[in-house]
Amino acid sequence: MGRISLSLEVLALSFEASLDILKNFLCKIAISIFDVLQESLLTDLQELARPRHVHWDVLGLMTVRNFIKNRLSQYGQVIEHCFESSFGEGINYIIKIPGQNKQLDPLLIGAHYDGPPQSIGADDNASGVAALLSLAQFFSETTPKRTIWLIAFDQEEWGMMGSKALAKELKESNQKLKLMISLEMLAYTSEKQDYPLAAMKKLYGDKGDFIALVANTGCAQMLPGLAKKIGNYVPTKVLPIPLKGDVLPDSRLSDHSSFWDQGYNAMMITDTSFLRNPHYHEPSDTVETLDLEFFSKVVEGLVDSLSML
């Protein structure tokens with residue numbers, strides 16, 4: 001009996017040691033995958049963060065357009081959605097990744113690629129586009145539950161002209177959507193956080209270390225699940241907005257508001273832009289100012305959370 005007990009103890013110790021080895025091995029794999037993601041995001045940021053103003057940096061804008069079109073073409077057929085505005089012709093780039101269930105309303109994920117004047121726009125909005133490209137790669141390799149449209153919007157800096165044109169067309173054609181998500185500045189953290197209303201600081205805190213989900217009240221049932229999933233990777237705050245954001249104008253400052261205006265459920269995912277980032281629309285909005293570890297975790301959270309919709 002003594003020998004049996006000893007053998008069982010040795011076996012148990014051996015099993016625990018094997019588990020420790022396996023855990024260490026899986027941990028190293030996870031770290032390796034995270035490092036690859038972070039390096040990929042950095043590479044895309046360096047390509048996208050350049051002057052690309054529609055009038056003053058036309059060559060830069062053309063370069064970014066070609067880069068986005070070529071990258072998206074690796075994951076699906078690229079549709080060029082052209083529109084006219086008072087600022088000239090714009091181009092939205094669209095790919096549609098088929099889902100497992102074609103009967104489900106599609107999920108639309110967008111990020112604007114145009115830039116502000118006199119800035120290379122690393123956070124605004126090279127970060128959003130880099131995240132969009134990572135999502136395109138993931139969903140092209142892992143078939144989503146529902147069809148996903150991924151869209152690089154033009155002329156956001158001039159009044160959301162690209163998203164307005166598309167949202168209007170979709171509404172007129174009676175196209176249904178599960179949800180529209182705008183990826184708007186995702187990569188900056190700060191020890192300081194401002195808010196459009198002073199009372200919000202007591203609710204959300206004074207440190208800019210979180211990602212925010214800003215959505216119309218029609219998204220109320222989706223918000224907790226999305227926030228919980230993303231919250232497994234980075235601190236996440238939610239802000240439901242009534243009346244299409246008219247009560248809080250700062251909540252409308254991205255392409256999601258074009259879809260609010262057409263009656264769609266839409267959400268902005270953001271690092272809170274100028275309420276945190278002092279480099280907003282400045283020449284100093286460079287890749288070097290970004291928190292790449294935070295940004296990579298945000299993208300991981302997006303992959304995990306959006307897969308469940």
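A: We begin with a term: two strands are said to pair if DSSP finds at least two bridges between them. Please keep in mind that the model shown is predicted. Here, strand S1 (residues 79-85) and strand S2 (residues 88-97) pair in the antiparallel sense over seven bridges.

Q: Which residue of S2 is the bridge partner of Phe83?

A: The partner of Phe83 in S2 is Gly90. The two strands are joined by a hairpin, which passes from S1 to S2 through two residues. In a regular strand, side chains alternate between the two faces of the sheet.

Q: How many helices and strands are there in the protein?

A: The protein has eight helices and eight strands. Its chain comprises 309 residues, of which 50% are buried.

Q: What should I look for in a nonpolar core?

A: A nonpolar core is a set of buried residues such as Leu and Ile, joined through side-chain atoms within 4.5 Å. The largest one here has 63 residues, and Ile68, Leu183, Leu302 and Leu306 touch the most other members. Helix H3 (residues 122-141) supplies the largest share of this core, namely ten residues. Another core lies apart from it and has 24 residues, including Trp149 and Met180.

Q: Which residues does Leu302 contact, leaving aside its neighbours within four places in sequence?

A: Leu302 is then in contact with Ala131, Leu135, Leu183, Leu186, Ile230, Ile269 and Ser307. For the protein as a whole, consider the contacts with a separation of 6 or more: 76% of them are between residues 24 or more positions apart.

Q: How many salt bridges does the structure hold, and what does one of them join?

A: The structure holds nine salt bridges. In one of them, Arg65 pairs with Asp154, and the closest N and O atoms are 2.6 Å apart. Arg65 lies in helix H2 (residues 58-72) and Asp154 in the loop between strand S4 (148-153) and helix H4 (161-172), so the pair ties together parts 89 residues apart in sequence.

Q: Are Arg65 and Asp154 buried or exposed?

A: Both Arg65 and Asp154 are buried. A further salt bridge joins the side chains of Lys69 and Glu80, at 2.5 Å from N to O. Lys69 belongs to helix H2 and Glu80 to strand S1, eleven residues apart.

How values were computed
Residues numbered from 1 in each chain as written. Predicted model: local features only at pLDDT ≥ 70, side-chain atom pairs only at ≥ 80, totals over all residues. Heavy atoms only, no water. Buried < 20%, exposed > 50% of the residue type's maximum accessible area, 1.4 Å probe, protein only. Helix = DSSP H or I, 4+ residues; strand = E, 2+ residues; numbered from the N terminus. Contact = heavy atoms within 4.5 Å. Salt bridge = Lys/Arg side-chain N within 4 Å of Asp/Glu carboxyl O.
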